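Here is a walk through one protein model, taken a step at a time. Keep the sequence and the 3D view side by side as you read.

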Amino acid sequence: MDESVLTVVVLLGLVALRGVLVGIGAALLLRPVSGCPACAAPTLGLHRPWLRRLLPFVEWRWCPQCGWSGPARHLDSSTAPRVVSQTQESAR
């Protein structure tokens, strides 16, 4: 194996490792909350199938009181009500 090819492989491996570590750190920062971080009102979980397939432990939450929306760690389905997204409602 050529020395330059080995260098490229090692550098790409380090970039991939950095991406994995940043992803793990971001996942650990997500809190499993049902309250809005902006106004502390209860939030609703939005159904996003692509997010569920890509990151099964993350869900998108929305606050009907102040309009905040953002990611949170997946809550137990018995404590977190879900809302069907508008794109899925129009498809039905």
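Start with one contact. The side chain of Arg 61 makes a polar contact with the side chain of Glu 59, at 2.9 Å. Bear in mind that this is a predicted model. The contact also counts as a salt bridge, with 2.9 Å from N to O. How many salt bridges does a search of the whole structure find? The search finds one.

Where do the two partners sit? Arg 61 is found in strand β2. Glu 59 is found in strand β2 as well. Are they buried or exposed? Glu 59 has a relative accessible area of 1%, so it is buried. Arg 61 counts as buried because its relative accessibility is 1%. The cut-off for buried is under 20% relative accessible area. So the salt bridge of this model joins two charged side chains, Glu 59 and Arg 61, and each of those residues is buried.

Now look at the strands around this pair. Strand β2 covers residues 58-62, and strand β3 covers residues 69-73. These two strands pair in the antiparallel sense, over five bridges.

β2 and β3 form a hairpin. Six residues lie between them. Find Gly 67 in the turn: it has a positive phi of about 90 degrees.

Strand β2 has another partner. β1 and β2 pair in the antiparallel sense over three bridges. Follow one of the bridges: the partner of Gly 45 in β2 is Arg 61. That brings us back to the salt bridge, where the side chain of Arg 61 meets that of Glu 59.

Helix α1 spans residues 3-29, β1 spans residues 44-46, and Val 33 is found in the loop between them. Val 33 counts as partly exposed because its relative accessibility is 23%. How far is the C-alpha atom of Val 33 from that of Arg 61? The separation is 9.2 Å, although the two residues are 28 apart along the chain.

Ala 40 lies in the loop between α1 and β1 too. Ala 40 has a positive phi of about 70 degrees although it is not a glycine. Most residues other than glycine have a negative phi. Is Ala 40 buried or exposed? Ala 40 counts as exposed because its relative accessibility is 64%.

Turn to the cysteines. A disulfide is a covalent bond between the sulfur atoms of two cysteines. How many disulfides does the model have? The count comes to zero. The reason lies in the distances, because a disulfide needs two cysteine sulfur atoms within 2.5 Å. Take Cys 36. Its closest cysteine sulfur is in Cys 66, at 3.6 Å, so the two are too far apart for a bond. Cys 63 is in no disulfide either; its nearest cysteine sulfur, that of Cys 39, is 3.6 Å away.

Are these cysteines buried or exposed? Cys 36 has a relative accessible area of 5%, so it is buried. Cys 63 is buried because its relative accessible area is 0%.

Finish at the surface. Which residues form a nonpolar patch there? Met 1, Val 5, Leu 6, Val 9, Val 10, Leu 11, Leu 14, Leu 17, Val 20, Leu 21, Ile 24 and Leu 28 do. Together they have about 1200 Å² of accessible area. Pick out Leu 17, one of the patch residues. Leu 17 is found in helix α1. With a relative accessible area of 48%, Leu 17 is partly exposed. The cut-off for exposed is over 50%, so Leu 17 does not count as exposed.

To look back, view the sites again in turn. Glu 59 and Arg 61 meet in a salt bridge. Ala 40 has its positive phi in the loop between α1 and β1. Leu 17 belongs to the nonpolar patch on the surface.

Methods
Residues are numbered from 1 along each chain as its sequence is written. This is a predicted model: local features need pLDDT of at least 70, side-chain atom pairs count only at pLDDT 80 or more; totals for chains, interfaces and linings use all residues. Side-chain values use heavy atoms; hydrogens and water are left out. Helices (H or I, at least four residues) and strands (E, at least two) are DSSP runs, numbered from the N terminus. Buried means under 20% relative accessible area, exposed over 50%, partly exposed in between (1.4 Å probe, protein chains only). Patches are made of residues with over 30% relative accessible area and no salt bridge: like charges are joined within 9 Å, nonpolar side chains (Val, Leu, Ile, Met, Phe, Trp, Tyr) within 5 Å. Accessible areas come from the Shrake-Rupley method with a 1.4 Å probe; for residues, only the protein chains shown count as cover. A salt bridge is a side-chain nitrogen of Lys or Arg within 4 Å of a carboxyl oxygen of Asp or Glu. Two strands pair if DSSP finds at least two bridges between them. A polar contact is a pair of N or O atoms within 3.5 Å; within protein, one must be able to donate a hydrogen and the other to accept it, and residues adjacent in sequence count only if both atoms are side-chain atoms.
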